[in-house]
Amino acid sequence: MGRAFEYRKATKLKRWGHMAKTFTRLGKQIAIAVKAAGPEPENNPQLRSVIATCKRENMPKDNIERAIKNAMGKDQSEYKSVTYEGYGPHGIAILVDTLTDNTTRTVADVRSVFNKYSGNLGTTGSLSFLFDHKCVFTFKKKPDMDMDDFILNMIDFGVDEDFDEDEEEGTLTIYGEPTSYNAIQKQLEADGFEDVGGEFTYIPNDTKDVAPAQRETINKMIERLEDFDDVQTVYTNMSPEA
């Protein structure tokens, strides 16, 4: 398994928090997708991708349908995607992905947590060099796939050469530059892959080891950040727990 896959798999539960928080986050993404291109998945690639991710996270069908219906009656036009960057305790780099309709409120909430844990909220771009920003797609592998041919073809659409395979789940995970998201999704669907779930992520270039007591403090900070409804995902360069 590659560096990106192992890091994402090891930290998934911690980054996404409890199931209710995950469903809230996905519900907001559904609302944004519906606002962008309507409630019909067959006519809305972004919505199809979010729904595939919902299925992978075991979000009930009724919840998905309710989120789509609710989104049709709401104005999501003011939501903005903002990433806040800073150092937490023990020199751990932290990125906080948010989706907000009030940046003044959100930055105040995020800063209050950094201050509480003796961290330092930096300026945009100040820590991004410590992470690779990638789009990620996970989907079921077809029987008897020739991976060399598959990757060679997908490179033309912006996919990285490295990929990860989860034999237990029977899935493939591929990575690319964020600007290639639409081209990759379109080609995967054209190739007949179903339930293609795509998202954006930050993967640390290198991870930093911490002592157990330090990890506990950092995890408390992450949990406090994830309590805010505006926060979508929290990323760190802390090494995954063994």
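Which residues in H3 are buried?

## Helix H3

In this predicted model, the buried residues of H3 are Leu47, Ser49, Val50, Ile51, Ala52, Thr53 and Cys54. The helix covers residues 45–56. With 1.5 Å a residue, its 12 residues should span 16 Å, and the end C-alpha atoms sit 17 Å apart, which agrees.

Now for the two ends. At the start of H3, Asn44 places a side-chain oxygen within 3.2 Å of the backbone nitrogen of Gln46. After H3 comes Asn58, with a positive phi near 60 degrees.

The largest nonpolar core is made of 18 residues. Ile94, Val96, Val110, Phe114, Met221, Leu225 and Val234 have the most contacts inside it. Strand S2 (93–100), helix H5 (103–116), helix H8 (212–226) and strand S8 (231–236) are the elements giving two or more residues to this core, and H8 supplies the largest share, with four residues.

Take Met221 from that list. Setting aside neighbours within four places in sequence, Met221 is in contact with Gly88, Pro89, Ile94, Val113, Phe114 and Tyr117.

Strand S5 (residues 159–166) pairs with strand S6 (residues 171–176) through five bridges, in the antiparallel sense.

What about the turn? Four residues lie between the two strands of the hairpin, and Gly170 takes a positive phi near 70 degrees.

Conventions. Residues numbered from 1 in each chain as written. Predicted model: local features only at pLDDT ≥ 70, side-chain atom pairs only at ≥ 80, totals over all residues. Heavy atoms only, no water. Pairing = 2+ DSSP bridges. Core = buried A, V, L, I, M, F, W, Y, C linked by side-chain atoms within 4.5 Å. Buried < 20%, exposed > 50% of the residue type's maximum accessible area, 1.4 Å probe, protein only. Contact = heavy atoms within 4.5 Å. Expected span 1.5 Å × (residues − 1). Polar contact = N/O pair within 3.5 Å; in protein donor to acceptor, adjacent residues only side chain to side chain.
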